[in-house]
Amino acid sequence: MVSKTVTVGSTVGLHARPATIIAEAAGEYDEDIYLAILGEEDEEDPTEAASSLMIMALGAEHGDQVVVTSENAEAVEAIAALIEKNLDEE
């Protein structure tokens, strides 16, 4: 598994719009991609990145550290890059 820790860049956190953009991008990969807030209890049970509802349920806020994990290094980089952006301005 490949992991990368990034900081949430969206000013409202991973709310509806950012979560939808991330989930759509994650759905383009065959491999599963997981998200977890660094240091939180759910880090042991990560969220599926292809589900916008699960991403919103994660409750990641602006500035939180999120761990992106997958078997696909390219997918990890792509999703990590989206999380770091302020997707509310797009």
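Let's start with Ser10, which sits in the loop between strand E1 (2-7) and helix H1. One word of caution: this is a predicted model. So, is Ser10 buried or exposed? Ser10 is buried, at 1% relative accessible area. Its side chain has a polar atom 3.0 Å from the backbone nitrogen of Leu87. Leu87 is also on the contact list of Ser10, once neighbours within four places in sequence are set aside.

Next, helix H1, residues 16-26. Which of its residues are buried? They are Pro18, Ala19, Ile22, Ala23, Ala25 and Ala26. Looking down the axis of H1, these buried residues fall within an arc of 160°, so they line one face of the helix. The background is simple: an α-helix has 3.6 residues a turn, so residues three or four places apart point the same way. What do the buried residues of H1 pack against? Strand E2 (33-37), helix H2 (52-58) and helix H3 (73-84).

Take one residue from that face. Ala26, in H1, has 3% relative accessibility and counts as buried. Leaving out residues up to four places away in sequence, Ala26 touches Ile33, Ala49, Ala50 and Ile79. Now look across to Ala78. Ala26 and Ala78 are 52 residues apart in sequence, yet their C-alpha atoms are 8.5 Å apart in space.

On to the core. The largest nonpolar core has 25 residues. Those with the most contacts inside it are Ile22, Ile33, Leu35, Val68, Ile79 and Ile83. Where do the core residues come from? H1, E2, H2, strand E4 (65-70) and H3 each supply at least two. H3 gives the largest share, six residues.

Beyond its neighbours within four places in sequence, Ile33 is in contact with Ala26, Thr47, Glu48, Ala49, Val68, Thr69, Ser70, Ala75 and Ile79.

Now strand E2. Four of its five residues are buried, so this strand is mostly covered. E2 pairs with E4 in the antiparallel sense, over five bridges. Within that pairing, Ala36 stands opposite Val67 in E4. E2 also runs antiparallel to E3, and two bridges join them. There, Leu35 stands opposite Thr47 in E3. As a reminder, side chains in a regular strand alternate between the two faces of the sheet.

Stay with Thr47 for a moment. Thr47 is in E3, residues 47-48. What is its relative accessibility? It is 7%, so Thr47 counts as buried. Setting aside neighbours within four places in sequence, Thr47 is in contact with Ile33, Tyr34, Leu35, Met54, Ile55 and Leu58.

Last topic: charge pairs. How many salt bridges are there? The count comes to one. Lys4 forms a salt bridge with Glu77, and the closest N and O atoms are 3.0 Å apart. The pair links distant parts of the chain, with Lys4 in strand E1 and Glu77 in helix H3, 73 residues apart.

The buried residues of H1 line one face of the helix. Lys4 and Glu77 link strand E1 to helix H3.

How values were computed. Residues numbered from 1 in each chain as written. Predicted model: local features only at pLDDT ≥ 70, side-chain atom pairs only at ≥ 80, totals over all residues. Heavy atoms only, no water. Buried < 20%, exposed > 50% of the residue type's maximum accessible area, 1.4 Å probe, protein only. Arc of directions from axis to C-beta. Contact = heavy atoms within 4.5 Å. Polar contact = N/O pair within 3.5 Å; in protein donor to acceptor, adjacent residues only side chain to side chain. Salt bridge = Lys/Arg side-chain N within 4 Å of Asp/Glu carboxyl O. Core = buried A, V, L, I, M, F, W, Y, C linked by side-chain atoms within 4.5 Å. Pairing = 2+ DSSP bridges.
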